[in-house]
Amino acid sequence: MKSNKDVKKVFILLAIVILMAGCSELSDPDIEGYILEVNEQRLLVMEDVSLEEYEEMKDKTVSEIDKESEYINLIYLSYDDVSDFEKGDHVNVWLDGGVDHSYPSQAAAKNIVANE
């Protein structure tokens, strides 16, 4: 039979493993949106819009979107491997650091997950 001391050690070890497993996957994403463009190591994402809003804007340029809709946020996300993504994918994004608030905004992504 295990002693209380052994049970405590196992519990502490388990807690450490869970914390190290990746807090970012356990937290809410920083950004949610639809991909407008996929370029080499960079995605252009339209943030916080419905599928209907995305469909209405998906073939417009950044300038046209800026002129027609002041409430739509666009962000360029640098990411090491964009090969699994394509225009129209709905994604959740965890950022790696801050955001440059130019238009479109720019940031580095730590993790990007396509929603199915």
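Four helices and five strands make up the secondary structure of this chain. What you're looking at is a predicted model, so keep the confidence values in mind as you click around. Going along the sequence, the elements come in the pattern α-α-β-β-α-α-β-β-β. The five strands close into a barrel, running in the order S1-S2-S3-S5-S4 with mixed pairing, and the twist from one strand to the next averages 55°.

- Mean pLDDT for the chain is 85, with 78% of the residues at 70 or more.
- Residues 17–21 are the stretch to watch: pLDDT stays under 50 there, and the model gives them zero contacts beyond four places in sequence.

**The chain as a whole**

- The chain has 116 residues, and 33% of them are buried.
- Take the contacts with a separation of 6 or more: 59% of them join residues 24 or more positions apart.
- Accessible surface comes to about 8000 Å², and carbon and sulfur atoms account for 50% of that.

- Strand S2 (residues 42–47) pairs with strand S3 (residues 73–78) in the antiparallel sense, over six bridges.
- To find your place in that pairing, look for Met 46, which sits opposite Leu 74 in S3.
- On to S3 and strand S5 (residues 105–114): this pairing is parallel and runs over four bridges.

**Aromatic pairs**

- The structure holds two aromatic pairs.
- One of them is Tyr 34 with Tyr 54, which is stacked: the centres are 5.0 Å apart and the planes make an angle of 20°.
- Tyr 34 belongs to strand S1 (residues 31–39) and Tyr 54 to helix H3 (residues 51–57), so this pair ties together parts that are 20 residues apart in sequence.
- Tyr 34 and Tyr 54 are both buried.
- Tyr 79 and Phe 85 form an edge-to-face pair, at 6.3 Å centre to centre and 65° between the planes.
- Tyr 79 counts as buried because its relative accessible area is 17%, under the 20% cut-off.
- Phe 85 is buried too, with a relative accessible area of 11%.

**Val 82, a loop residue worth a click**

- Val 82 sits in the loop between S3 and S4.
- What does Val 82 touch, leaving out residues up to four places away in sequence? Its contacts are Val 38, Asn 39, Gln 41, Arg 42 and Leu 43.
- Val 82 and Ile 112 are 30 residues apart in sequence, and their C-alpha atoms are 9.1 Å apart in space.

Methods:
Residues numbered from 1 in each chain as written. Predicted model: local features only at pLDDT ≥ 70, side-chain atom pairs only at ≥ 80, totals over all residues. Heavy atoms only, no water. Pairing = 2+ DSSP bridges. Helix = DSSP H or I, 4+ residues; strand = E, 2+ residues; numbered from the N terminus. Axes fitted to C-alpha atoms, helices over the stretch in contact; angles between N-to-C directions. Buried < 20%, exposed > 50% of the residue type's maximum accessible area, 1.4 Å probe, protein only. Contact = heavy atoms within 4.5 Å. Areas by Shrake-Rupley, 256 points an atom, 1.4 Å probe, with all protein chains shown as cover. pLDDT = per-residue confidence, 0-100. Phe/Tyr/Trp six-rings, centres within 6.5 Å; stacked < 30°, edge-to-face > 60°.
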